[in-house]
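My notes follow in the order in which I went through them.

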Amino acid sequence: MELGRVLFLLSAFATHSFIGYALVRGCTDVDPRLGLVLGLLPDSDFLFPADWGWPFVHRGLTHTPLFAIGLLAGLYLVNRNRSVTLAGGLAIGSHLAIDSLSPMGIRWLFPLKTTWNPSLGLAVHSPTATALLWMAALGLLAFRAIQRPSHDREPATDRKHKHETEQPTPTPDATTELE
Ligand SMILES: [Zn+2]
């Protein structure tokens, strides 16, 4: 693979991961590393062996709404947590939304229709688009930091420690009163 192509892919991977991270961090209280992973997950199709064929190709199965729904259903079954599922939906949804705008599009109706991939044909991973996406993600992170600084600064361990150090007020029991 030529160097230009490698750099293009690395830039695209970093953008998808960062957008997923920023969305989860900015919109939920879930660990943003989930966004980092699920924001990139659809592009794991680059790892499929070439001889597997459709739909195990790039922009195949892992870039379909059906895959995203299945993944989120699995996530909910494992965690039983709506916030985690919502966070996962934001991350993987952002990947599909961005890719759907590119010339290659995504197969919205897989497996009912495998050729329908309407697209605006935008160069979503061009330097300009990449800069805009990164600025939007950074803006979201900054907004979150301004909106909820106190929440982010108080780690859960501090709250626990404070709770544990609060001593209950001793109350005299009946036997003490009799003495
Ligand atoms: Zn992709």
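This is a predicted model: local features need pLDDT of at least 70, side-chain atom pairs count only at pLDDT 80 or more; totals for chains, interfaces and linings use all residues.

Residues are numbered from 1 along each chain as its sequence is written.

**Entry 1, overview.** I took elements as DSSP runs numbered from the N terminus, with helices as H or I of at least four residues and strands as E of at least two. On that basis the protein chain has eight helices and zero strands. I called a residue buried if 20 or more other C-beta atoms, placed from the backbone, lie within 10 Å of its own, exposed if 12 or fewer, and partly exposed in between; buried residues make up 25% of the 179 residues.

I used axes fitted to C-alpha atoms, for helices over the stretch in contact, with angles from 0 to 180 degrees between N-to-C directions. The axes of helix 1 and helix 2 come within 7 Å and cross at roughly 140°. Angles under 35 degrees count as roughly parallel, over 145 as roughly antiparallel, 65 to 115 as roughly perpendicular and the rest as oblique, and helix 1 is therefore oblique to helix 2. The crossing of helix 1 past helix 2 is right-handed.

Helix 1 passes helix 5 in a left-handed crossing. With contact meaning C-beta atoms, placed from the backbone, within 7 Å, the residues that meet include Phe 18 and Ala 22 of helix 1 and Trp 134 and Ala 137 of helix 5.

Helix 3 (residues 65–79) and helix 4 (residues 82–100) have axes that come within 9 Å and cross at roughly 160°, so helix 3 runs roughly antiparallel to helix 4. The crossing is right-handed. Among the residues that meet are Leu 72 and Leu 75 in helix 3 and Gly 88 and Gly 89 in helix 4.

I defined a nonpolar core as a set of buried Ala, Val, Leu, Ile, Met, Phe, Trp, Tyr and Cys residues joined through C-beta atoms within 7 Å. The largest one has 19 residues, and Ala 87 and Ala 91 are among those that touch the most other members. Helix 1 gives the largest share, six residues. Leaving aside neighbours within four places in sequence, Ala 91 is in contact with Gly 20, Leu 23, Val 24, Leu 34, Gly 35, Leu 38 and Gly 39.

Most residues other than glycine have a negative phi, and most peptide bonds are trans. A cis peptide bond joins Trp 54 and Pro 55, with omega about 5°, and Pro 55 sits in the loop between helix 2 and helix 3. The bond from Phe 110 to Pro 111 is cis as well, with omega near 5°. Arg 80, in the loop between helix 3 and helix 4, has a positive phi near 55°; Arg 80 counts as exposed because it has 9 C-beta neighbours inside 10 Å.

Notes:
A crossing is left-handed if the near helix is turned anticlockwise from the far one by less than a right angle, and right-handed if clockwise. Two residues are in contact if their C-beta atoms, placed from the backbone, lie within 7 Å.
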